Amino acid sequence: MRGQPILEVNRICKAFGPTKALRGVDLKVRAGEVLALIGENGAGKSTLLKILSGAHRADSGQMIIGDRPYRPAGPSDTRQSGVAMIYQELNLAPELSVEDNLLLGDRGSGCGLLIRKRQRPKVREALETVGLGGLSPTAIVGEQSIATQQMIEIARALVAEARIILLDEPTSSLPQKDVARLFSIINDLKERQIGMVYISHFLEEVREVADRYTVLRDGENVGEGKMEDADDDTIVSLMVGRDVKNLFPTVPHIPGEPWVRVQELTGFPYPKKINIELRRGEIFGIAGLVGAGRTELIRTVFGLDHSSAGSVSVNGKPIPSTIRERIKAGFGFISEDRKNEGLAQDLSIIDNLTLSRLGDYTTMGVLNLKRRKQAAEELLKRVQVKCKASDQAVSELSGGNQQKVAIARILHQQADILLMDEPTKGIDVGTKAEVYQMLGELAATGKTIVFVSSYLPELLAVCDRIGVMSRGELRDIRDTVDWTEEEVMRVAIV
Amino acid sequence: MNFRRILKAIFQSQLGPIFALAFILMLFAVADQRWSSGNYLSPRNFRVMMNSAALIAVPALGMTMIIIAAGIDLSAGTALTLCGTVLATQFKYAAVAAGEPGFAWVVIQAVCLTLLTGCLCGLVNGGLISLTKVVPFIVTLGTMTIFLGVGQIISKESTVYADEKNIPEWLSDFCYTGSNSERYLNFGIFPNVPNSVLLTLILAFAVVLLLRYTVFGRNVFAIGSSESTARLCGVNVPFTIIAVYTLAGVFVALGGLMYYANVKNGNPSDGMGKELEIIAAVVLGGGSLSGGRGSILGTLMGALIITAIRSGCAQLSILNTYTHIIIGGIIIVAVIVDQLRHGSPEWFFRLLPAKTAEN
């Protein structure tokens with residue numbers, strides 16, 4: 001019975017204090033289809049998902065599943081109503097077995113007793129559906145790859161007999177080839193008349209998997225329709241509420257002479273014997289699959305990961321491999337893990353901005369807090385961070401603004417070689433464009449940027465040269481004009 | 001003015017522990033007037049309370065830094081009495097008696113040795129924590145009994161008493177709380193403030209400046225909030241951690257000195273359980289055991305709250321057993337309130353009287 005709505009959301013409103021996160025959102029999911037939920041960060045997608053999964057309660061409006069009203073008070077209600085949620089960050093107990101994870105939340109068969117044997121067929125069937133037929137139910141989840149764990153999450157939804165599955169950026173931590181696998185599983189689930197809501201920042205991905213789309217902006221529906229009827233530009237302009245002429249703004253810059261040299265740099269297990277020469281005023285992209293050693297490479301260059309051989313030199317002078325020395329030599333680093341490593345979430349914006357170069361504000365060891373605040377606020381203005389006050393905790397900012405603070409820090413540090421690991425991860429289209437613009441401007445002032453990304457279109461658009469990594473080695477470095485997406489993938493997979 | 005808004009402002013301000021202390025003092029003062037001698041807020045009892053609070057507060061200053069850096073020091077109690085015992089043995093076996101030439105040298109030696117002992121205890125803790133990466137809880141759980149054992153070796157498993165004559169005058173007056181005003185330093189506007197309290201205030205002020213106005217201080221907060229971020233920003237994490245514990249060791253040693261001045265003997269096993277009082281003071285003052293948060297003013301208030309309750313219960317002749325239960329309860333309530341403060345959940349404010357609705 002394809003086409004029959006199984007989940008209906010009507011005029012849902014939700015406010016947090018004075019901010020209205022949702023102002024009357026409608027949504028309709030039909031059996032056997034994938035609905036893409038699209039919107040910038042802060043558009044209300046996550047809030048809506050949280051209401052659907054029972055983590056938050058709506059202030060007004062109603063939800064209907066089948067023909068019954070749906071008012072989840074928590075995860076167990078969700079499960080009973082046949083709704084399953086798959087989060088961006090995996091939600092599995094890593095020390096437990098596959099089977100125990102799949103049955104987690106299961107009421108057991110009477111008296112709370114868990115008879116694993118009786119549940120086995122159900123477990124096996126679910127595993128087979130997600131293409132993990134060969135995986136032993138007693139294997140430990142933590143020992144499986146990220147991709148397998150993602151599939152286990154989906155299997156868990158199947159064991160719970162979910163009819164509606166909510167997927168929140170399920171591909172953000174998946175390597176390319178596993179994305180294809182995930183999509184084929186999603187197609188199988190469609191056949192089984194399961195309705196899905198799919199959230200992703202990647203339009204091309206959405207286009208591949210979704211049947212229909214709904215766009216949210218500022219907590220309201222701004223558009224919906226069939227996927228094949230809308231082109232990218234239409235959807236993007238719906239998302240940002242204005243015409244976006246150029247998703248990848250570039251600033252003209254001319255790379256200068258080589259000055260940073262990475263020679264035979266090796267760490268355990270990755271990277272392996274890396275040689276790069278970086279030029280002044282250049283944006284150097286590093287492409288490759290997740291797990292190819294890209295992160296390890298730039299962490300080792302920065303001195304965060306231990307190097308077992310090789311050297312990094314600036315202007316012909318080798319730099320000792322400690323973070324302090326590398327920072328002194330002009331290196332700056334942006335972590336892909338913004339939440340845990342990139343920023344100290346509880347500390348103020350000022351503290352985060354200035355932490356790597358506090359020495360500038362001291363006279364005889366005493367900090368001049370006023371001067372520090374002034375400098376920080378100037379910088380915040382320059383990178384256009386939206387915040388209430390500069391002494392606000394970083395955790396209160398949105399993802400995109402947090403990323404701007406992280407970038408502002410290495411600007412404050414006056415770094416000349418900016419090592420950026422996925423700097424546009426989890427930020428919205430508008431902010432991404434601002435970041436590209438900023439990178440171009442920085443390169444134009446003679447700074448060297450190393451840009452690691454899994455998102456090929458952005459690399460191809462903003463970089464001067466791109467190197468592709470595979471199994472810890474830098475396979476091929478070419479000028480960007482000599483690369484195509486297919487070429488990059490071919491080198492990355494081989 | 002809007003009653004609810006004022007309540008909210010008080011509740012969310014950094015002054016929470018001060019209000020809590022004022023409330024507790026008021027409560028006991030009233031109860032004391034009604035059912036007991038009415039001596040609770042007398043100058044003498046006030047001095048006694050301040051002095052006992054100082055004994056907790058000085059080591060708690062170091063503990064505050066440790067807790068801000070997301071650490072913990074369970075060995076503070078036994079390290080404190082170890083330092084006190086070292087001081088006691090120095091006076092007991094001193095070659096020269098007080099007043100004789102050369103005694104000053106004995107005193108200098110004794111105090112330096114005490115401070116050095118504290119430093120060393122802290123250095124051992126900090127060194128083990130940053131080199132082995134074992135969690136501070138476990139490391140200091142181990143050193144807690146080690147320091148106890150070392151203290152017992154030094155004291156030959158008994159209490160060390162030094163001849164009264166051999167204790168320098170300034171030290172025996174250090175924790176004096178009686179009414180003879182000649183035994184106080186007496187400068188400033190408040191007469192008869194115990195010297196222990198003066199020292200505490202000076203040290204507290206120094207630590208406030210250290211935490212707020214130095215790179216070291218900001219690094220301590222950064223490490224406590226996110227160690228990996230601090231590392232990424234080029235902060236020398238192992239050095240900072242070792243420095244924090246060593247500095248805390250100095251405060252523990254000063255605490256040991258005051259402990260000796262207070263009881264005039266050194267007994268290593270006295271320290272068992274003191275660390276919990278010290279940690280409680282920090283937590284009552286708003287320190288978060290997950291790091292990144294804590295205040296010196298809060299810690300001072302925390303120490304005062306503990307002593308105010310203890311003294312109040314004593315005045316009212318409440319049994320010691322009940323005092324323990326009351327203090328335990330207050331610690332838990334304080335932490336719950338603190339969590340509410342930081343979460344500032346709307347539902348909590350809805351519980352407050354809302355007669356004058358916000359507009």
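Axes are taken here as lines fitted to C-alpha atoms, for helices over the stretch in contact, and angles run from 0 to 180 degrees between N-to-C directions. The structure is a predicted model, in which local features need pLDDT of at least 70 and side-chain atom pairs count only at pLDDT 80 or more, whereas totals for chains, interfaces and linings use all residues. Residues are numbered from 1 along each chain as its sequence is written, with chains lettered from A and ligands numbered from 1 in the order in which they are written.

Chain B has 15 helices and two strands, where helices (H or I, at least four residues) and strands (E, at least two) are DSSP runs numbered from the N terminus. The radius of gyration of chain B, 22 Å, agrees with the value near 21 Å that a compact globule of 359 residues would have; the radius is taken over C-alpha atoms, and the globule rule is 2.2 Å times the number of residues to the power 0.38. Of the 359 residues in chain B, 45% are buried, a residue being buried if 20 or more other C-beta atoms, placed from the backbone, lie within 10 Å of its own.

Helix α4(B), residues 76–92, has 15 of its 17 residues buried and is therefore largely enclosed by the rest of the structure. α4(B) packs against helix α12 (residues 274–284) of chain B at an angle of about 120°, with the two axes 6 Å apart. In this pair, B:Ala76, B:Gly77 and B:Leu80 of α4(B) meet B:Lys274, B:Glu275 and B:Ile278 of α12(B), contact being defined by C-beta atoms, placed from the backbone, that lie within 7 Å. The residues of this contact divide into three nonpolar, one polar and two charged; Ala, Val, Leu, Ile, Met, Phe, Trp, Tyr, Cys and Pro count as nonpolar, Asp, Glu, Lys and Arg as charged, and the others, Gly among them, as polar.

Between the chains, 18 residues of chain B are in contact with 24 residues of chain A. On the side of chain B that touches chain A, α9 (215–225) and α10 (227–232) each supply at least two residues, and α9(B) gives the most, with five. That side of chain B comprises six nonpolar, eight polar and four charged residues.

In chain A, an open sheet of six strands has the order β16-β19-β20-β13-β21-β22, with mixed pairing, two strands being paired if DSSP finds at least two bridges between them. The edge strands, β16 (331–334) and β22 (473–479) of chain A, each pair on one side only. β16(A) pairs with β19 (residues 417–421) of chain A in the parallel sense over four bridges.

Methods
Buried ≥ 20, exposed ≤ 12 C-beta atoms within 10 Å, placed from the backbone. Contact = placed C-beta atoms within 7 Å.
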